[in-house]
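The following paragraphs lead the reader through a structure, from the overall chain to a single residue. Please keep the sequence and the model in view while reading.

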Amino acid sequence: GIHSLQSHMSLLTSRPATMPKRKLPNEKLEEIKDGSNLEEKRIQCVFKSESGETEGSPFELPVDISREKLQLVCDAVIKNDEKVPYAFFVNGVEIRETLIKSVGEDVLSNTESALEIVYQPQAVFKVRAVTRCTSTLEGHADAVLYLVFSPDGRYLASGSGDTTVRFWDINTETPAFRCKGHQHWVLCLAWSPDGRKLASGCKGGKVCLWNPRTGKQISRPLTGHTDYVSTLAWKPLHLDPENRYLASSSKDRTVRIWDVVTFQTHIIISGHSSHISYVKWGGTDLLYTASHDRTIKVWRASDGVFCRNLEGHGHWVNTLALSTDYVMRTGAFDPADAKIVHEDVTESGEELSLKAKVRYEEVVAIGGAQGGTERLVSGSDDATMYLWKPAESKKPVARMTGHQKPVNEVKFSPDTRLIASASFDKFVKLWDGFTGNFVATLRGHVNMVYQVSWSADSRLLVSGSKDSTLKVWKVQDKSLMLDLPGHSDEVFAVDWSPDGQRVASGGKDKVLKIWRS
Amino acid sequence: MPQNEYIELHTKRHGRRLDYEERKRKKEGRKPHEMAEKAKKLRGIRAKLYNKKRHSEKIQMKKTIKMHEERKTKQKSADNDSKYGNPSYLLERETQIRAKILSNTIKQKRKEKAGKWDVPIPKVRGVSDAEVFKVVKTGKTKRKAWKRMVTKVTYVGDGFTRKPVKYERFIRPMALRFKKANVTHPELKASFFLPILGVKKNPSSAMYTSLGVITKGTVIEVNISELGLVTNAGKVVWGKYAQVTNNPENDGCINAVLLV
């Protein structure tokens with residue numbers, strides 16, 4: 001009995017000579033590294049666009065194909081007229097060097113169906129990272145509170161605690177105009193999308209308009225708010241060719257839409273029970289307002305009618321960002337057409353409006369099935385963010401948790417694929433722009449991160465913090481690229497010019513710094 | 001004076017008397033009358049001491065009443081009075097009063113170059129060997145007296161291990177070893193509980209510095225990374241000197257003032 005069992009066992013354990021030895025995963029990898037099996041290892045692939053349609057029929061590709069060769073193959077298959085660089089993704093993992101390194105063994109062994117490679121077009125132009133501070137612009141008598149470049153990157157305007165707005169000549173990096181008109185700190189600035197007017201809001205509730213070429217105020221200031229103005233938002237160029245309407249949100253719980261031609265209040269929108277921290281004018285003529293009463297309300301801008309209430313946050317809603325923000329900010333100006341010498345804009349308002357509309361539709365369409373509408377992301381003091389599709393429903397698409405302290409600013413990348421969030425917990429986090437999934441944490445700052453700004457090609461991100469440094473991050477590697485110290489006190493405002501050439505930063509040390517590559 | 005928590009334990013287990021609340025209320029009601037009686041009846045030195053104590057109590061009470069009154073009137077936040085403008089995202093938040101920016105490494109380098117320490121406590125009463133060391137008698141007949149035990153607070157490093165007991169001349173008891181100090185920033189007037197990095201100099205003797213003995217006036221190095229300071233070059237400042245201001249062996253804690 002026992003002996004027979006033992007012999008039986010020995011039969012089971014010893015492999016017969018005819019059966020091939022089962023290969024362990026390590027050995028398999030070594031074989032591939034040897035190079036002897038490389039030509040044999042091929043895999044069926046098919047290119048798939050973001051919207052889910054497959055281009056062409058499946059074909060065989062060697063497993064060790066590099067990204068550059070993949071780009072060439074893709075160009076041939078897609079038959080695009082322009083040369084557009086692509087980023088390739090398999091199962092959500094980006095292909096950096098070769099196909100096999102990013103994909104892994106087990107996927108390769110599955111030879112039943114063709115491997116789907118999703119291709120994402122990237123920006124054709126490439127923005128160079130800023131590395132040095134070319135000038136320190138003094139002039140303000142108090143902290144610089146807000147900085148913004150004009151839509152074509154030609155002018156730079158800054159608002160400060162010394163109640164003045166200053167225009168700076170970017171080419172010579174010297175002061176151009178000093179605009180007095182407010183009696184209190186200038187809290188927010190907004191360029192009209194055609195770049196011909198600048199609106200500024202102050203702590204006393206006054207909104208003033210300025211002409212960037214002469215530095216003079218355009219007629220009368222717009223008074224009406226009883227408490228400070230937190231943000232300003234112009235009507236987008238594709239909806240309003242003459243840039244007539246401007247929305248301002250205030251601590252007095254109202255949003256006023258001003259008619260800039262008659263200098264009167266067009267509509268007053270009230271409904272919030274607490275201080276309104278942000279207002280955004282959407283591309284479909286909807287107004288989005290975020291408030292300290294923890295809600296975001298959607299209004300119809302044409303008549304001020306309340307549409308929807310977006311609830312979910314547990315604390316003050318600090319900031320809002322729309323996926324179409326960048327394209328509406330730059331209006332008719334395409335960053336790809338940027339030139340070093342700025343040219344005068346000669347087209348009429350109508351033509352610019354049409355151009356802006358074309359660009360807007362393009363950006364909304366990015367993402368295929370996942371895109372198609374404007375998306376809104378809101379950041380709050382409860383350390384979470386929500387992703388909404390406000391034109392469709394009042395339920396959030398995703399809740400983005402991960403930060404440990406209040407989220408100060410959120411920004412969509414210009415190609416709407418990523419969201420960057422700056423928080424008081426010293427981190428900048430990146431999230432997927434369509435699903436809200438977490439992508440990466442960018443660590444480096446030693447104190448609260450106040451603001452972030454994207455470069456026009458969505459490949460670089462600059463962040464300004466309370467620790468007086470700016471940091472440039474490389475989005476593809478999700479790592480720190482450059483550290484830009486130099487400010488002697490907190491950095492309150494950062495902006496990357498839409499033509500990608502300069503970054504301007506200003507803060508509590510009362511100086512502006514211009515950074516170039 | 002109860003030495004342990006048996007009173008609380010009893011109340012937890014058996015509860016209080018049924019008329020406890022009533023009796024407490026009445027006792028508190030009698031208190032102002034009793035205090036007034038006391039103030040009237042006391043004479044001499046006792047009266048003086050009592051009056052002094054009462055005066056300081058009254059000052060404190062007045063301060064708290066004033067604070068409460070402020071809350072009733074206006075909710076004006078501090079940023080209206082702040083010298084510098086704040087951006088809109090910082091407006092509703094209470095921010096700490098900020099001291100001017102410290103150009104840390106530059107100042108420290110200058111001080112080191114000068115050689116002299118510009119410290120808050122320049123002159124300290126030196127501590128003698130007899131005060132710091134206690135003779136420990138060892139040996140079979142307890143006659144050998146070469147070992148010394150340190151009676152002051154010490155700082156030993158992170159990876160400290162004692163020498164073999166047979167060869168150990170200086171004994172630094174564990175109870176007198178401290179890792180953290182209460183450091184006050186002189187300008188911000190804020191105190192932080194920071195880990196000690198090392199003893200830089202003990203004014204009494206170089207031997208005490210090497211042993212890590214901390215007495216009043218000793219300059220220690222503390223880890224200030226939690227303050228989040230950054231130099232102009234962008235580097236994070238994480239160590240600074242502080243001078244000890246109390247007698248730690250008497251108080252059980254190390255109080256120091258940061259040298260900026």
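A residue is called buried when its relative accessible area is under 20%, exposed when it is over 50%, and partly exposed in between (1.4 Å probe, protein chains only). By that criterion, 56% of the 517 residues in chain A are buried. The model is a predicted one, in which local features need pLDDT of at least 70, side-chain atom pairs count only at pLDDT 80 or more, and totals for chains, interfaces and linings use all residues. Residues are numbered from 1 along each chain as its sequence is written, chains are lettered from A and ligands numbered from 1 in the order in which they are written, and side-chain values use heavy atoms, leaving out hydrogens and water.

Chain A contains seven helices and 36 strands; these are DSSP runs, numbered from the N terminus, of H or I over at least four residues for helices and of E over at least two for strands. The chain exposes about 22,200 Å², of which carbon and sulfur atoms supply 49%; the areas come from the Shrake-Rupley method with a 1.4 Å probe. A contact requires heavy atoms within 4.5 Å. Among contacts in chain A between residues at least 6 apart in sequence, 53% join residues at least 24 apart.

Residues 269-299 of chain A are 0% helix and 61% strand, with end C-alpha atoms 8 Å apart. For residues 484-517 of chain A, the corresponding values are 0% helix, 53% strand and 12 Å.

One open sheet of chain A has four strands in the order E30-E31-E32-E33, with antiparallel pairing. Its edge strands, E30 (449-454) and E33 (479-484), each pair on one side only. Two strands pair if DSSP finds at least two bridges between them; strands E31 (residues 460-465) and E32 (residues 470-474) of chain A are joined by five bridges. Across this pairing, Leu461(A) stands opposite Trp473(A).

In chain B, Thr218(B) occupies the loop between strand E7 (213-214) and strand E8 (219-223). Thr218(B) counts as buried because its relative accessibility is 0%. Its side chain reaches the backbone oxygen of Thr215(B) at 2.6 Å. Beyond its neighbours within four places in sequence, Thr218(B) is in contact with several residues, among them Val199(B), Pro203(B), Val213(B) and Val244(B).

Methods:
Polar contact = N/O pair within 3.5 Å; in protein donor to acceptor, adjacent residues only side chain to side chain.
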